[in-house]
Amino acid sequence: VAHALAACEDPTLVDDVELKFRDILFDYFVPGGRILAGAGTKGLTLQNYFVLPCPEDSRGGIFDSVKEMAETHSRGGGVGINLSSLRPRYAPVIGVNGISSGAISWGKMYNLSTGLIEQGGSRRGATMLMINDWHPDVEEFINAKHTPGEFENTNMSVCISDSFMAALNNDDDWDLVFPNTKDPEYDELWDGNLHYWRDVLGKEVILYKTMKAKEIWSQIVSSAHASAEPGLHYLERSNMMSNSHYFAPLVATNPCGEQPLEAYGVCTLGAMDLSKFADADMEFDWSKLRYVVENSVRFLDNVITINDYHFKSIEKNHRGNRRVGLGVMGLGELLIKMGLRYGSKDSLIFIDELFKTISFEAYKASIDLAKLKGEFKFFDAESYLRSGYMKGMPESIREKVKQYGIRNVCLLTVAPTGTTGTMMGTSTGIEPYFSWQYTRTSRLGTEIETVPVIDELGLDLKDLPDSCVTAMELVPEQHVAVQAAIQRWVDSAISKTTNCPTDFSIEDTDKLYRMAYDLGCKGITIYRDNSRDEQVLNQMVLDLEDEAVACRIDDPDCVTCAL
């Protein structure tokens, strides 16, 4: 992997760069799964997730969109699609003198295709379907999964705007609207961007329904409380904060929600294992972190250079913005090693400093790459520095961006790292441990897994220190507080589950969703324990008389490692 990713460097630098890549790989940095599977092999995509354009509002356009999704799934990529470009139920269809069955009805094709890809390969395709808060079919979308068997192959999220949240807080009305499909330029100009259609072009929109914003909100909250979906993504906030705001509107997210992307958008992912930065004295190695961030950014940038793209539109876009997503795993384990209780005031202070450092070092690394290899093609200093994210960066970095440019439009994300985090034997993403011992359900069946760090630190399960806390022992507000503290320094978004107890009420869920917005989160997904018939992780009642067996990646007897 290191050799393949260093091969695109200047010949005089290849050996040194490869040595640095070897130094960080698997000890401190783990690339995304597609990179591990395909580096050095021609014809395979090295990218995990994509966002395709809103489908053209016609039968042919929808079928073309589904075909593009299927092609992407077949290469191991997950896909996000926003259905807001599709006319709502009962809207006129002039060409056949009929009426539309609506966006949600057509959305079932994406769900069906996602399931079919599973039958043809070893891993099911991953899909995120989204809809904007102004769309007349938003209520049907919110409740779509209430019918058994419907949309079982897709994740679903509602895109919420700042104006909707203002209407909610003021108890105002909210209009559900859609362009006049009889407009002679509708087929040519409508692409799902309501602001451009109505406010820039001055085109007519049809009012389908007016209702209280809180009525829509209550449906979202009730559905999420019952079944964990739909999730929420504050898409207007993401666009305002995004460094690509001036040339590429974000239209949807990838299936796990950590990457809001433009049409034909893609992001190159990799994660640092934060648990490895605590030394023998349980002190944090800031110098090593800076070294790993610098070389991880270079590694991910090189992935873009050597990657084979399955669509020319994706290649043109990605090589033009060079978007990467350096993330993390092992935060939960790190905090245990540092003696910090997840979600506590002291942990939030440390987390803020940690992710601020990662941010600053990643941007410095990208600026240095711009000096060496050139800025990304779509870079415009004045526009770039107007993004909400860059306004929060220190003047020293802003001045360097202005002087030298920057190699990558965006640099940071927090993916769930479920597979790679488990492979490394650490806590996944920014999550705390779910339990000290738990069952994990996969295609191979159900396995009992234990947390290695407990044994490594010589801790007694009967008498754990205060720093050892599991996801279900936290109050949900602590989950959100950690996510918000990290979001401040992440230029993309964050995939995180806020775990809630079984008796967490609908009113509690309402308050939690509002809290996430107020604290600056870009999205939120909750999971109320046992709210679904099946769930991936289940707590176990520990028999403390039995010895818990821990495993790491280097354990030849570990079932997970053997995969």
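Axes here are lines fitted to C-alpha atoms, for helices over the stretch in contact. The model shown in every view is predicted.

**View 1. Helix α15 packs against helix α18.**
The axes of α15 and α18 (residues 395–404) come within 10 Å. They cross at roughly 15°. Angles under 35 degrees count as roughly parallel, so α15 is roughly parallel to α18. The crossing of the pair is left-handed. On the α15 side, the residues in contact are Phe360, Tyr363, Ile367, Ala370 and Lys371. They meet Ile397, Lys400, Val401 and Tyr404 of α18. By class, this contact holds seven nonpolar and two charged residues, with no polar ones.

**View 2. Helix α15 also packs against helix α21.**
Here α15 (residues 345–373) meets α21 (residues 476–487) at an angle of about 30°. The two axes lie 9 Å apart. That angle makes α15 roughly parallel to α21. The crossing of α15 and α21 is right-handed. Helix α15 contributes Leu348, Ile351 and Phe355 to the contact. Helix α21 contributes Ala481, Val482, Ala485 and Ile486. The contact of α15 with α21 has seven nonpolar residues, no polar residues and no charged residues.

**View 3. The largest cavity is lined in part by α15.**
A search of the whole structure finds four cavities of 30 Å³ or more. The largest has a volume of about 60 Å³. Strand β14 (324–329) and helix α15 each supply at least two residues of its lining. Phe355, Ile358 and Ser359 are among the lining residues. Phe355 also takes part in the contact of α15 with α21. Leu326, Gly327 and Val328 belong to the lining too, as do Met272, Leu412, Thr413, Val414, Trp489 and Val490. By class, the lining divides into nine nonpolar and three polar residues, with no charged ones.

**View 4. The second largest pocket has 31 lining residues.**
This pocket has a volume of about 1,000 Å³. Asn132, Gly192, Asn193, Leu194 and His195 are the lining residues nearest its centre. Three elements, β8 (173–179), α9 (194–200) and α11 (235–241), each supply at least two residues of the lining. The lining of the second largest pocket comprises 15 nonpolar, nine polar and seven charged residues.

Definitions and conventions: Residues numbered from 1 in each chain as written. Predicted model: local features only at pLDDT ≥ 70, side-chain atom pairs only at ≥ 80, totals over all residues. Heavy atoms only, no water. Axes fitted to C-alpha atoms, helices over the stretch in contact; angles between N-to-C directions. Helix = DSSP H or I, 4+ residues; strand = E, 2+ residues; numbered from the N terminus. Parallel < 35°, antiparallel > 145°, perpendicular 65-115°, else oblique. Left-handed = near helix turned anticlockwise from the far one by under 90°. Contact = heavy atoms within 4.5 Å. Nonpolar A, V, L, I, M, F, W, Y, C, P; charged D, E, K, R; others polar. 1 Å grid on protein atoms, 1.4 Å probe; cavity = no way out; pocket = protein on both sides within 12 Å on 5 of 7 lines; lining within 4 Å. Points joined across faces, edges and corners; volume = space filled by probe spheres on them.
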